[in-house]
Structure formats: C-alpha cells, structure tokens
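Subject: Handing over the two-chain model

Dear colleague,

I am passing this structure on to you, and the notes below it set out what was found. Please read them with the structure open beside you.

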Protein chains: 2
Amino acid sequence: MSTAEETAGGEAQAWGEVTPDAARRLLIAAVEAFAERGYHATTTRDIAGRAGMSPAALYIHYKTKEELLHRISRIGHEKALEILRTAARREGTARERLAGAVSSFVRWHAGGRTTARVVQYELDSLGPDARDEILALRRQCDAEVRAIIEDGVAAGEFDVVDVKGTTLAVLSLCIDVARWFNVNGPWTPDEVGALYADLVLRMVGAGGEEARR
Amino acid sequence: MSTAEETAGGEAQAWGEVTPDAARRLLIAAVEAFAERGYHATTTRDIAGRAGMSPAALYIHYKTKEELLHRISRIGHEKALEILRTAARREGTARERLAGAVSSFVRWHAGGRTTARVVQYELDSLGPDARDEILALRRQCDAEVRAIIEDGVAAGEFDVVDVKGTTLAVLSLCIDVARWFNVNGPWTPDEVGALYADLVLRMVGAGGEEARR
DNA sequence: GCCGAAGGTGAGCGGGCGCTTAGTGTGGCA
DNA sequence: TGCCACACTAAGCGCCCGCTCACCTTCGGC
C-alpha cells in the first residue's frame, strides 16, 4: 500500500523539483525549522545556518522569509491534492476509493509530518494573496473527497445525512494527524492509515463486514 | 443542550476567576491576540493596547509574556477537562455519555473558538515545565474519553478494535474543530456538536437506529 | 589569460522586540 | 491633613530581527 517515496525517512522526497541545489537545501532547512518552532519563531539566521550557509545567502534565492513559506505551502498542497486525486479517480467502488484516499492521505500526514505540519498549520502566516492561492488548492482537496462520498451515497453504498459536514470532518480528522503523530510513538504511518480508513468507512455508514470481524 | 455560559458571545465566560480586573482584561486581550496572530507574532504592546493600557502595565500583573500563555492554557484545559468529566460521569449508557461528551466538547471548541485555538495550538510555545503541566491535563482528558469507550465495549454497546487509537481519533476530531470553525460559517456550535456526536457513535460501532433514519 | 556572470560572505542598517526603571496620580487611613 | 502603598505611565535599554550592500571567489567561453 505504501510506497517508498511516501514514507522516505528524510522527507526530502517532494523537493526534487526545486533547483538549484542551494535553494533546495534552504527550503528543506526552512521546513524543518518551521515545523519545530513555527514560522514566526524561526529566524532567517537559523534557516541559513541549518543549510550551512551565511544569513545573506538566503536572499540570493528567495526575496523574503515569507516567500519560503509560500513555496513550501504550495508544493505541499499540490502533493496533498495529487494524493487525493489519484485515490479518488482510481477504478473501484466508492467504499474502496474512500478507504484508499483516507489511508494514503493519512500516511502522508504521518510519515511526512514535518512537511505536513508546516503546510496545514502555518497558513495564517502567509499574506492575503498567497493565502488565497493556497485556499483554492484546499477547496479542490475538499471537492475530491466530497465527490467520493457523493458517489457512495448515490450508489447506495454510504448512508450520510450531511455530506458537506461529513466531508469536512473526514478531512479534519486526517489533517489533525500532523499535529499529534509522533515518529517515536506506538504506531507506524501505515497502521494509522489503516485504522483511520476503517473509522472513516464507519462514519459514512459503510463500516461493512470486515470491520466487524 | 447548550447553556448560555458555554456559548456566550464575548467568550469572557471562564475568566471570572481572574482578579484583579486589570489582570483579567489583559488576559482576555492576550487570548484574542494569540488566537488571531499566534503567540510569537503577538507583541506585548499589542496585548496592553487591546486592554487599554500602557505596555509596562502588563508587567505589574504578569512576570513575562509566557506567563500569560501559561495561565490561559491552564484555565482552558481545566475547563475542557471539566466538560469531559461532567459528561463522562453522568448517569446513563455509554452511548449516551459518549454522545454527550462529544457534543459538549465540540460545542466548547466551536463556540469558544478563540480560547480553544490558543489552548490547543499554542502549546509548543510554552517552556518545558509549563508544557509538562499542561500535558498532564491532556492525559486526563484522554483518560475520561477512553473510560467511556471501554465501558461501552465492556457493556457490548460498542464495537471497537483499537480502543487507544479510537480514543485518540475522537479527541483529535473534536479538537480540530477549533482550527476550522468559523462563526460566520453555515453551522452553529450546536449543529456541529450534534453532527459530531453522530459521527463518533458510528466510529465506535454504535451508530444505531436513529442515525439511519 | 582575461572577463563577466553567478553564487557566496562579513559587516552592519534601521527598527521593533521583551522588559525595566524612575516618576506620577490616587484612594484609604490615622 | 499628611502619608504611604499601590497601580499605572513615559521613556528608553539592550538585543536580535529581517534584510542589504560592498566585496570576494569560482568557472565556462573566447
């Protein structure tokens, strides 16, 4: 179920597209620092230091500290949307597609917790324009999940009273994994993904037989 | 179901115990500022300004800015624990107690979103000692919810494979309400509380008849 | 072998931060 | 009425922030 790419230890997976090398190292350093301390508590000197460079080097590749957060946020949201989109448009019943979407989405939030934390919780530190751009991506994530649930209801697989509210709760449940998941805790990302897929199927009234075993 | 105290507009409800008056005004100002901008992005000048005082006045009542966050966090967590404890120890079936706990806990996070946001999301800005104290309160919250679920499983009301994981997911779901809930959105705190109580009962395999209507 | 572009550094700027201190107005009490 | 304790303010200290700038190296092309 899980690919090496998704759960790669260094979490450096998704940043391959960022060039040149120095810009990528700065970006990864920023992700780590923002995740540990939060955007406002992180200094540009800290980011540059983690990347093994002088404070001034940051400004060769990025106009401001906020541009770093914006870039991280956009790449992260695009990755999240891609995960949901892939799962939503796979062949299969709504039940299978929802379980797949939730387990892979949760796996991403747990395994790439450092990145996911920044992506999901530092949104308010962006300026209005950047935030609007990111919010548009979020709405697309919402639409993908809602589409699966609507399909399931139409097919009689799911039993959901409030589709909009349930969609929101499902996404909320998955996203919050980034807040509490601990790499040294009792669960692997795969285990949390499986547990959550089961819980979400129950939420939509499709807990089914195998969940009751 | 909901009391005036829980959903009072100004959210000033729980701070009655803080004296003298100037100290309370500063604390409420800090809650609002932290919720809007985050702890690190909030300045002591901003807090004092909102309370209608000079920057120096803050230090008559609080040793540091962090002490403000610590006080807010402790009072908020005590309130949250009280809500869960009251619901958990009420008379009734596990099903009824879980529904009551979730709906009142969610109502608190939605209605008192400003406070809940600070309480749930600014924990990492505390120093180690203060954080440890707050984490102990969190563990008590977890224990209350887990006790209800264990009761339900023992009584044959619930069907739960992983009690620990399900407890965590239920709390996570409720807490994350503070992140996304919007006072100007389509739902009232009561509505979200009712929706979430239903969803949580489904998660523990007690969705029951009335949910299927 | 010289040149310019690209990518880096060390020093430091203007400013706002958390917090302190000296001084002020005020209300309660002998 | 005189006095002091208390709550509060105006001013500002020392520090570190985001960011800039003058200068330095490296290296491919002619």
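**Loop residues of chain A**

Not counting residues up to four places away in sequence, A:Ser125 touches A:Tyr39, A:His40, A:Glu66 and A:Leu69, where contact means heavy atoms within 4.5 Å. Please bear in mind that this is a predicted model, in which local features need pLDDT of at least 70 and side-chain atom pairs count only at pLDDT 80 or more, while totals for chains, interfaces and linings use all residues. Residues are numbered from 1 along each chain as its sequence is written, chains are lettered from A and ligands numbered from 1 in the order in which they are written, and side-chain values use heavy atoms, with hydrogens and water left out.

A:Ser125 is placed in the loop between H7 and helix H8 (128-154) of chain A; helices here (H or I, at least four residues) are DSSP runs, numbered from the N terminus, as are strands (E, at least two). With a relative accessible area of 17%, A:Ser125 is buried, a term that means under 20% relative accessible area, as against exposed at over 50% and partly exposed in between (1.4 Å probe, protein chains only).

The loop between H7 and H8 of chain A also holds A:Leu123, which counts as buried at 9% relative accessibility. Apart from neighbours within four places in sequence, A:Leu123 is in contact with A:Arg131, A:Ile134, A:Leu135 and A:Arg138, and also with A:Val118. From the C-alpha atom of A:Leu123 to that of A:Gly111, 12 residues apart along the chain, the separation is 20 Å.

A:Trp15 belongs to the loop between helix H1 (4-7) and H2 of chain A, and A:Trp15 is buried, with a relative accessible area of 2%. Leaving aside neighbours within four places in sequence, the contacts of A:Trp15 are A:Arg24, A:Leu27, A:Ile28, A:Val31, A:Ile72, A:Ile75 and A:Thr115. A:Gly76 is 61 residues from A:Trp15 in sequence, and the two lie 9.3 Å apart in space, C-alpha to C-alpha.

**Helix H2 in each chain**

Helix H2 of chain A (residues 21-37) has 17 residues and reaches 24 Å from its first C-alpha to its last, which is close to the 24 Å expected at 1.5 Å a residue (the expected span is 1.5 Å times one less than the number of residues). The buried residues of H2(A) include A:Leu26, A:Leu27, A:Val31 and A:Phe34, together with several alanines, among them A:Ala22 and A:Ala30. What covers these buried residues includes helices H3 (44-50), H4 (58-61), H5 (65-88) and H7 (113-121) of chain A. Just after H2(A), A:Gly38 takes a positive phi of about 95°.

In chain B, how do H2 and H5 pack, and at what angle? Helix H2 (residues 21-37) and helix H5 (residues 65-88) of chain B pack at about 90°, with their axes 10 Å apart; axes are lines fitted to C-alpha atoms, for helices over the stretch in contact, and angles run from 0 to 180 degrees between N-to-C directions. H2(B) and H5(B) are therefore roughly perpendicular to each other, given that angles of 65 to 115 degrees count as such, under 35 as roughly parallel, over 145 as roughly antiparallel and the rest as oblique. On the H2(B) side, B:Leu26, B:Leu27, B:Ala30, B:Val31 and B:Phe34 meet B:Lys65, B:Leu68, B:Leu69, B:Arg71 and B:Ile72 of H5(B).

**A buried cysteine in chain B**

B:Cys141 lies in helix H8 (residues 128-154) of chain B and is buried, with a relative accessible area of 7%. Its contacts, neighbours within four places in sequence aside, are B:Leu81, B:Leu84 and B:Leu171.

**Between the chains**

Helix H9 (residues 163-175) of chain A packs with helix H9 (residues 163-175) of chain B at an angle of about 115°, their axes being 9 Å apart. That makes H9(A) roughly perpendicular to H9(B). The contact is made by A:Ala169, A:Ser172 and A:Leu173 of H9(A) with B:Ala169, B:Ser172 and B:Leu173 of H9(B).

Helix H11 (residues 189-203) of chain A also meets H9(B), their axes coming within 11 Å and crossing at roughly 65°. In this contact A:Leu195, A:Tyr196, A:Leu199 and A:Met203 of H11(A) face B:Gly165, B:Thr166, B:Ala169, B:Ser172 and B:Leu173 of H9(B).

With kind regards
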